[in-house]
Number of protein chains: 2
Amino acid sequence: MPRIVKHPQERRKELLDAARDLFFERGYEATTVNDIIARAGMSKGGFYHHFASKEDVLEALAEAMARESLAQLQAILDEPGLDALTRLNAFLSRARRLKVEQAPAIRAMFYVIFRPGNLVLYHRLNAAVGAVTLPALARIIAQGQEEGIFDVPDVQAVAEIILTLGASTHDAVARAVNAADTLEGEAAAAALDERLRMHGIALDRILGLPDGSIRFVENGFAKALMMPAQAP
Amino acid sequence: MPRIVKHPQERRKELLDAARDLFFERGYEATTVNDIIARAGMSKGGFYHHFASKEDVLEALAEAMARESLAQLQAILDEPGLDALTRLNAFLSRARRLKVEQAPAIRAMFYVIFRPGNLVLYHRLNAAVGAVTLPALARIIAQGQEEGIFDVPDVQAVAEIILTLGASTHDAVARAVNAADTLEGEAAAAALDERLRMHGIALDRILGLPDGSIRFVENGFAKALMMPAQAP
């Protein structure tokens, strides 16, 4: 039988798909590198050609999810005739809707990276997702600055500052993730909504906008994202 | 000879002192856990009773340095008759002076945590230092809010947001650290000063102050911190 030579990127994608399936079926902690190799029908050497560790795979999955989301948001970035604030709010609104649609996948990932002791993994994934998001954010800020709607001292620096700021919600997200299946779930989700609202006000101010200009959250968002739908 | 029983905290301090000396003499990377044990005259079990790893030791050292600095800044926090903005600027000014005075120790630590690949260690140390700093920051913000000088939606949330923001200068600091001994050292230090100025403006806005109210940096600060003094 002739050996089928696959493109390295195709191999990498197969490993990622196998890992994603396994992380969902068994959970991240219970999945081993050997499980991923077996599922993808690949050699150990093949795996380590692409990834140094299971954590590397998770980081690549997070980056891939961020790229897929950004592709779905591209139409809003390219839509002509939107001023920068309208564009930013449309972008954030659609991003929230995407997150709620992908809630099971996001919860599975959050369950891993927001566990106590996994702060390091959280920062790796946060940096990977941030790198994907930065150009889109810088583009919207540059538009707002040109239009005189935003007022920032430096577009690139402010885009980087805003991305860093995302990590300030870490503890509130962690509490909501870890309380999701408990009696405190609703309260933790409401506290996260409130914390995201504070985050929105910080963004308003950094961009030189009146408080409340950016709609960073709506009530019930954290609950829709974090808590599995209840039977009616 | 009677065995001298030392208090566990005293043992821990001896390990930290030995580690600090060795990190300075040989560098962090070149120092092993065995070196630290030998220098402190302690057993392996004694070491692992206090620390899980060499990284743990570095985190504890960073926390100890932060505590020592904060103790030196306590007088400014307690000084009666200062309004919150004056107190904050005095606090930041004295903190910068302390950093420049401790520049060799800080450079040695920065050299480790701002190396590419050590982002994880950076975030651990940043979190440890942040936890030491948070109460002082929240106290100043609460004072400013009471005085009507600051205008924030929530004291505790804003204190946490501001601490998180510190990480947004990571890349600029890393560039300055890694360029310090090169021809690009001065330019990288100047770029860091500028980036710290942006950071100060973000803080002004989050606290509801006019741009430039908080003196977060003075020109030449990054150079004084990062670049070993030249012979005159």
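# A friendly note on a predicted two-chain model

1. Let us start with a cluster of charges: Glu55(A), Asp56(A), Glu59(A) and Arg124(A) are joined in a network of salt bridges. A salt bridge here is a side-chain nitrogen of Lys or Arg within 4 Å of a carboxyl oxygen of Asp or Glu. Arg124(A) sits in helix α7 (residues 119-147) of chain A and Asp56(A) in helix α4 (residues 54-78) of chain A, so the pair ties together parts that are 68 residues apart in sequence. Asp56(A) has 22% relative accessibility and counts as partly exposed. For this and later points, buried means under 20% relative accessible area, exposed over 50%, and partly exposed in between (1.4 Å probe, protein chains only).

2. Residues are numbered from 1 along each chain as its sequence is written, chains are lettered from A and ligands numbered from 1 in the order in which they are written, and side-chain values use heavy atoms, with hydrogens and water left out.

3. Now for the overall build of chain A. Its secondary structure consists of 11 helices and zero strands; helices (H or I, at least four residues) and strands (E, at least two) are DSSP runs, numbered from the N terminus. The C-alpha trace of chain A spans about 65 × 45 × 35 Å along its principal axes. Chain A has 232 residues, of which 48% count as buried. Contact means heavy atoms within 4.5 Å. Among the contacts in chain A between residues at least 6 apart in sequence, 67% join residues at least 24 apart.

4. What does the surface of chain A look like in numbers? Chain A exposes about 11600 Å², and carbon and sulfur atoms supply 55% of that area. Accessible areas come from the Shrake-Rupley method with a 1.4 Å probe; for residues, only the protein chains shown count as cover.

5. Glu186(A) pairs with Lys223(A), their closest N and O atoms being 3.1 Å apart. Glu186(A) belongs to helix α10 (residues 185-206) of chain A and Lys223(A) to helix α11 (residues 221-226) of chain A, so this pair ties together parts that are 37 residues apart in sequence. Both ends are partly exposed: Glu186(A) has a relative accessible area of 46%, and Lys223(A) has 36%. Elsewhere, the side chains of Asp35(A) and Arg26(A) meet in a salt bridge at 3.2 Å, N to O. Asp35(A) is partly exposed at 22% relative accessibility, as is Arg26(A) at 44%. Over all chains, the structure holds 36 salt bridges.

6. How do the two chains meet? In the interface, 25 residues of chain B are in contact with 25 residues of chain A. The area buried between chain B and chain A is about 2100 Å², with carbon and sulfur atoms giving 70% of it. Ile161(B), Met198(B) and Arg205(B) supply 29% of the area that chain B buries against chain A, more than any other three residues. Buried area is the accessible area (1.4 Å probe) that two parts lose on being put together, summed over both. The rule finds four salt bridges across this interface. Asp151(B) forms a salt bridge with Arg205(A), where the closest N and O atoms are 3.6 Å apart.

7. Which of its residues are buried? They are Ala103(B), Ile106(B), Met109(B), Phe110(B), Val112(B) and Ile113(B). The buried residues of α6(B) pack against α4 (54-78), α5 (84-101), α7 (119-147), α9 (170-179) and α11 (221-226) of chain B.

8. Asn89(B) lies in helix α5 of chain B and counts as buried, at 6% relative accessibility. Leaving aside neighbours within four places in sequence, Asn89(B) is in contact with Ser213(B), Ile214(B) and Arg215(B). In chain A, Arg215(A) is in the loop between α10 and α11 and counts as exposed, at 52% relative accessibility. With neighbours within four places set aside, Arg215(A) is in contact with Asn89(A), Leu92(A) and Arg96(A).

Technical notes
This is a predicted model: local features need pLDDT of at least 70, side-chain atom pairs count only at pLDDT 80 or more; totals for chains, interfaces and linings use all residues.
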